Each structure stands twice: as C-alpha cells, then as structure tokens.
Amino acid sequence: MEQNNACFSAEGGNLAQVQHVVLILSGKGGVGKSTLTTELALALRHAGKKVGILDVDLCGPSIPRMLSVGKPEVHQCDSGWVPVYTDAQKSLALMSIGFLLEDPDEAVVWRGPKKTALIGQFVSDVAWGELDVLLVDTPPGTSDEHLAVLENLKKQHKVDGAILITTPQAVSTGDVRREITFCKKTGLRILGIVENMSGFVCPHCSECSNIFSKGGGEELAKLTGSVYLGSVPLDPLLTTSIEEGKDFIQTFPDSATFSAINSIAQTLLTSIQNP
C-alpha cells in the first residue's frame, strides 16, 4: 500500500462526516443483496448524493466487478485507508476485501476472529470523508460478521437501519423472517423489505412474467409489520449491466426496472431523513 497524506480524519473518527448508515441484509444467499446495493448506490448518486459502499461480504466480494473498478491499489493516508472512487467527481466510494486479495480467485479461508478483526478495521480505518449515505453490503446469515459490523458501527455512529432483501419464494421469506428476528434482538430498525427477482421482464416485448411465485415479500412485510419498499424484476438488461460493470440507472432510464429501483431509493431517502 502506498502512503497518501492528502486526507485527514475529522474529529470523532472516520465516520464523523457520514450522514446516514444503512445495512443491506438477508438471511438467504443468492437473493441479490450486492446487486441491489450497487443499484441503490447508483440511484442515490444520480439523485445528487455522495454515497459509499462498505462491502463486508468477505468470502464473496462481487461489488468491485459490478462497478467495474478492477483491482486498484488501496492507498493509505494519515487517518487510514482511502476508499476507491468509481468516478472523477468522487461521488461514489467503495471499500472491499476484493481490493486486498493478490489473486481474485483466492478463497478467504478464515475463522471468525480474523473476519471480525478485518470488519473492525473496515469500519474504523476507512477515511470516507463527507458522505450522505453509507451502504453496508453484508453476507447472508445472522452470525459473526453481522454482529461485528453492528457492534463496531454503533461505537462510532448511529445506524439508521436495515433494508431486507428477499425473493418471492417461501424458502427465502422464511430465512428473511429470521433476519427480522435478528434485527429486533439487536435493536436495528427495519427500514423496509424489497422483493427481488419478482417476475421476469421479456427482453423482446418487456412483458413481465412470474416465473417464480409473486408477493412473498409484500406478504412478509404485512405479517411482520414492516414497510414494503417494492419489488424488482429479473431483467436481462440489468443482468448484462452488472456483468459488464455498466451503470444501468444511466443506460436504461426508461425501463420499468429503473423506475422500481429509483422508487426504492427515494423511499429510503425519505425514511432516513425523516425517522
């Protein structure tokens, strides 16, 4: 790592100039947490906000590829690690273990204490500077990583809450129900539930077909008294954008999927600004 003295810590630590912190959670793997974290960050950036993403999915860091930032060298300044910026305006910042691995195919075979220590470093030692929103992308489950993130964040900053991601099927909503229990036990506010992969958008006619069941996320929100933020369909255009590291929000502003993601982002902003 190179030393860079161009940044300085604000009084109160590296999160002192971060306005809001939001966790992206799900009890289930493969429901699209990283995809929605990426798209929400892009939507917030296009709304004029300065956004950061902290990727604590230590065993599956996929956001660097989704944002097409490659593997840049992580620099250090007087107050810690400098996040990687995805644009010249420095309106979207990212920190991920993916930047620290020598080989992108290297497996992170770590026990809990080592994961917990790195998460502690990520939370305290990244010099984010001024941010409107910091999104924290988490791995599936309710264990060490989640407790480490929450405990370390709460030492330095108020956590505004969590967005829970599910797919429509009962096997997914059942796991997310356990995530809701986790939030209640740890005193973490639930900002809302998003149903991802809710229908399939035909690339030819744009008609949306329910290849999975539909409405599981909305029903879960009703049963648990949570806010339902909306649904996002399976969209080949979104999939291609993610695979190629392109900005879907900018490239397809007229798509129904864009409208869904943008609506969720606007509802999120309203919720955290008016708790």
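Biologist: What should I know before I start?

Modeller: The model is predicted, so local features need pLDDT of at least 70, side-chain atom pairs count only at pLDDT 80 or more, and totals for chains, interfaces and linings use all residues. Residues are numbered from 1 along each chain as its sequence is written, and side-chain values use heavy atoms, with hydrogens and water left out.

Biologist: Which residues gather in a patch of negative charge on the surface?

Modeller: Start with the idea. Asp and Glu count as negative, Lys and Arg as positive, while His and the chain ends are not counted. A patch takes residues with over 30% relative accessible area and no salt bridge; like charges are joined within 9 Å, and nonpolar side chains (Val, Leu, Ile, Met, Phe, Trp, Tyr) within 5 Å. A salt bridge is a side-chain nitrogen of Lys or Arg within 4 Å of a carboxyl oxygen of Asp or Glu. Each charge is placed at NZ of Lys, CZ of Arg, CG of Asp or CD of Glu. Here the negative patch is made of E102, D103, D105 and E106.

Biologist: Where is E102?

Modeller: Helices are DSSP runs of H or I with at least four residues, strands are runs of E with at least two, and both are numbered from the N terminus. E102 sits in the loop between β6 (92–96) and α3 (112–125).

Biologist: Is E102 buried or exposed?

Modeller: Buried means under 20% relative accessible area, exposed over 50%, and partly exposed in between (1.4 Å probe, protein chains only). E102 has 77%, so it is exposed.

Biologist: Which residues form the nonpolar patch?

Modeller: Areas come from the Shrake-Rupley method with a 1.4 Å probe; for residues, only the protein chains shown count as cover. F200, I211 and F212 form this patch, with about 250 Å² of accessible area together. F200 belongs to strand β9. Its relative accessibility is 30%, so F200 counts as partly exposed.

Biologist: What does UniProt list for "binding site"?

Modeller: UniProt annotations may be inferred rather than shown by experiment; positions follow the numbering used here, and feature names are shortened. The unreviewed entry lists C202 and C205. C202 lies in the loop between β9 (190–201) and β10 (208–209). C205 is placed in the loop between β9 and β10. At 49% relative accessible area, C205 is partly exposed.

Biologist: What is the phi of M197?

Modeller: M197 has a positive phi of about 55°, although it is not a glycine. M197 lies in strand β9. Its relative accessible area is 19%, so M197 is buried.
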